[in-house]
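Please consult the sequence and the coordinates alongside the text.

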Amino acid sequence: MQMILSKPTLKTLFGVYGVIHRQSLLLPSPLRCSAVLSTINIYKRDYRRPGQPLDNRWPWQKIQFDFSKGVEGIKKHIGLLKDEFVQPLIGPEGRPLLHHMLEQTRVQWEFRGPESLKQWMVSSDQEIGGRSEAYIKLGKNNITCLLYGTLCSTPPRDGETRYSGYCTLRSKLPLASFDRKKTYDWTNFNTLHMRIRGDGRPWMVNLAADTFFSHNKDDIYSYFLYTRGGPYWQDVKIPFSKFLFSSRGRIQDNQNVLWLDKIKTIGFTLGDKADGPFQLEIDFIGLANDLAHTEEFAYELYKRNPEV
């Protein structure tokens, strides 16, 4: 027998649901907190990125204990802690104050050996089951960084992922002694200066700044990097005022200026949906103070609720 619910019956059911929901909110706080915490723990334990197998190991099972590496790590962090006390006595970032005030250019990253590649990490859509490949190595003369691979925009057949096809090169987060968070201070400069050699593909330069809240961890500032292709090197200068504020790949309506005193990482992303091989060679990444550039922010901001 099929029962047909009329409109009064539906209203009654929703009314009963509202009463039950309000009664659950009136329960003692320990009961509510325990229920919420248990739900969070369940979702946190069962969460996985699309295309990745579920890891059910406990946190202590993922730690690799090594006594010799522990001793080396302690020596390293004590040396870093010593530098943190000595460098401020010399000047900002361990340099004389006069040199810091008159500084017009600075090479922040350069590739002069295998040790310089350890400051960078490469990722692609293989993390979500994609088919793109990206690798990093030194150039022919061992003084440049060569990022190469193959881009494939075919999404994985996992029933969850709809879009794919990206490769990324990103600098590692700078750390102080005992793995404390550290940032770069670029307030003396207004332009990003790079020497690159590409294959004609458009890239995206991403700058990440430190934030006060954890829900802003995906906020980045991006701008376009157009490579010419060919055997000749290309000097690129991008003012910091041109960078767009975005979060999780979406440009935000509320734009703001990049915080140059809290820079964490810089990255290069390729996702132009042109399947095939690619390469990007980088000589150095530096900073410049262009006195002719006086623009503070390139994008006009609008008031959402203008004053009457």
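How many bridges join strand S10 to S11? In this predicted model, two bridges connect strand S10 (residues 244–247) with S11, and these strands run antiparallel. The points below place that pair within its sheet and then turn to the cysteines and the surface.

**Sheet**

- Seven strands make up an open sheet, with the order S2-S5-S12-S7-S8-S10-S11 and antiparallel pairing.
- At the edges are strand S2 (120–124) and strand S11 (250–251), each of which pairs on one side only.
- Ser247 has Arg250 as its bridge partner in S11.
- In general, the strands of a sheet pair through backbone hydrogen bonds, in either a parallel or an antiparallel manner.

**Cysteines**

- Zero disulfides are found in a search of the whole structure.
- For Cys152, the closest cysteine sulfur belongs to Cys167 and lies 9.9 Å away; a disulfide requires the sulfur atoms to be within 2.5 Å, so this separation is too far for a bond.
- Cys152 has a relative accessible area of 15% and is therefore buried, the cut-off being under 20%.
- Cys145 also counts as buried, because its relative accessibility is 0%.

**Nonpolar surface**

- Trp58, Trp60, Ile63 and Phe65 form a nonpolar surface patch, and together they have about 540 Å² of accessible area.
- One of these residues, Phe65, is located in the loop between helix H2 (29–46) and helix H3 (67–90).
- Phe65 is classed as exposed because its relative accessible area is 72%, and the class requires over 50%.

Notes. Residues are numbered from 1 along each chain as its sequence is written. This is a predicted model: local features need pLDDT of at least 70, side-chain atom pairs count only at pLDDT 80 or more; totals for chains, interfaces and linings use all residues. Side-chain values use heavy atoms; hydrogens and water are left out. Buried means under 20% relative accessible area, exposed over 50%, partly exposed in between (1.4 Å probe, protein chains only). Two strands pair if DSSP finds at least two bridges between them. Helices (H or I, at least four residues) and strands (E, at least two) are DSSP runs, numbered from the N terminus. Patches are made of residues with over 30% relative accessible area and no salt bridge: like charges are joined within 9 Å, nonpolar side chains (Val, Leu, Ile, Met, Phe, Trp, Tyr) within 5 Å. Accessible areas come from the Shrake-Rupley method with a 1.4 Å probe; for residues, only the protein chains shown count as cover. A salt bridge is a side-chain nitrogen of Lys or Arg within 4 Å of a carboxyl oxygen of Asp or Glu.
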